[in-house]
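Dear colleague,

Please find below the structure that I am handing over to you, together with its sequence.

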Amino acid sequence: MNIIARNRVAQRLRRPLASLALIGGASRMLYAASATPFAVPVQPAVPSAAGGLLRVTVALLVVLAAVLAAAWLARRMRAIGGGGSSPSLELLAQLPLGTRERAVLVRVGDRRLLLGVAAGNIRTLHVLEPQASAANAASLPQAGEAGADPGAVRPSFKSLLLKSLGK
């Protein structure tokens with residue numbers, strides 16, 4: 001080959017060889033830099049068992065105090081909002097009739113309502129007028145009265161319910 005052709009081939013080979021040498025040198029430098037540490041690693045102090053137990057106890061007390069404060073605040077906000085029970089509405093009795101059904105006797109003002117409560121459904125079964133409830137209460141002797149007959153038995157809620165339903 002002539003000299004010009006050799007020079008051209010050499011020029012073409014120099015670029016890839018130079019880049020290969022540059023990459024190889026850079027990788028050797030990086031390896032050498034990673035092999036020698038810059039500073040001695042510091043060993044972290046191992047916490048004692050008592051310190052860990054103290055931390056856990058304090059965290060537990062903080063969480064417990066937060067729960068109690070939230071409960072107190074919820075009760076306080078309900079009392080302020082008027083969500084308390086009304087004196088004109090009172091639950092007198094309830095009787096489970098099935099797994100999700102029950103009969104509930106509620107006093108609203110001076111009337112008593114017998115309600116049937118089922119899943120997603122409430123129906124009025126019977127309305128006891130104020131005169132009827134006062135007459136029934138007067139006719140039935142109370143347990144603490146002196147003139148009460150100890151042998152007299154008050155009818156149960158279940159029997160009253162069945163009677164009102166006509167069964």
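In what follows, a residue is called buried under 20% relative accessible area, exposed over 50%, and partly exposed in between, with a 1.4 Å probe and protein chains only. By that scale arginine 111 is partly exposed, with a relative accessible area of 40%.

Please note that this is a predicted model, in which local features need pLDDT of at least 70 and side-chain atom pairs count only at pLDDT 80 or more, while totals for chains, interfaces and linings use all residues. Residues are numbered from 1 along each chain as its sequence is written, and side-chain values use heavy atoms, with hydrogens and water left out.

The sheet

Helices (H or I, at least four residues) and strands (E, at least two) are DSSP runs numbered from the N terminus, and two strands pair if DSSP finds at least two bridges between them. On these terms, four strands make up an open sheet with the order E1-E2-E3-E4 and antiparallel pairing. Strand E1 (89-96) and strand E4 (121-128) are the edge strands, each pairing on one side only. Neighbouring strands of the sheet are turned by 25 degrees against each other on average, direction ignored; axes here are lines fitted to C-alpha atoms, for helices over the stretch in contact, and angles run from 0 to 180 degrees between N-to-C directions.

Seven antiparallel bridges join E1 to strand E2 (residues 102-108), with leucine 91 opposite valine 106 of E2. Seven bridges also pair E2 with E3 in the antiparallel sense, and there valine 104 has leucine 115 in E3 as its bridge partner. For E3 and E4 the antiparallel pairing again runs over seven bridges, and leucine 113 stands opposite valine 127 in E4.

Both hairpins contain a glycine with positive phi: glycine 109, near 65 degrees, in the hairpin of E2 and E3, which has two residues between the strands, and glycine 120, near 70 degrees, in that of E3 and E4, which has two residues between the strands.

The salt bridges

A salt bridge here is a side-chain nitrogen of Lys or Arg within 4 Å of a carboxyl oxygen of Asp or Glu. By this rule there are two salt bridges. In one, the side chains of arginine 107 and glutamate 90 meet at 3.7 Å, N to O. Arginine 107 lies in strand E2 and glutamate 90 in strand E1, so this pair ties together parts that are 17 residues apart in sequence. Both residues are partly exposed, arginine 107 at 33% and glutamate 90 at 38%.

In the other, arginine 111 meets glutamate 129 at 3.5 Å, N to O. This pair links distant parts of the chain, 18 residues apart: arginine 111 is in strand E3, and glutamate 129 is in the loop between E4 and helix H3 (130-139). Glutamate 129 is partly exposed, at 33% relative accessibility.

The core

A nonpolar core is a set of buried Ala, Val, Leu, Ile, Met, Phe, Trp, Tyr and Cys residues joined through side-chain atoms within 4.5 Å. The largest one has five residues, namely Leu95, Ala103, Leu105, Leu114 and Leu161. Leaving aside neighbours within four places in sequence, alanine 103 is in contact (heavy atoms within 4.5 Å) with residues including Leu95, Leu114, Phe157 and Leu161.

Yours sincerely
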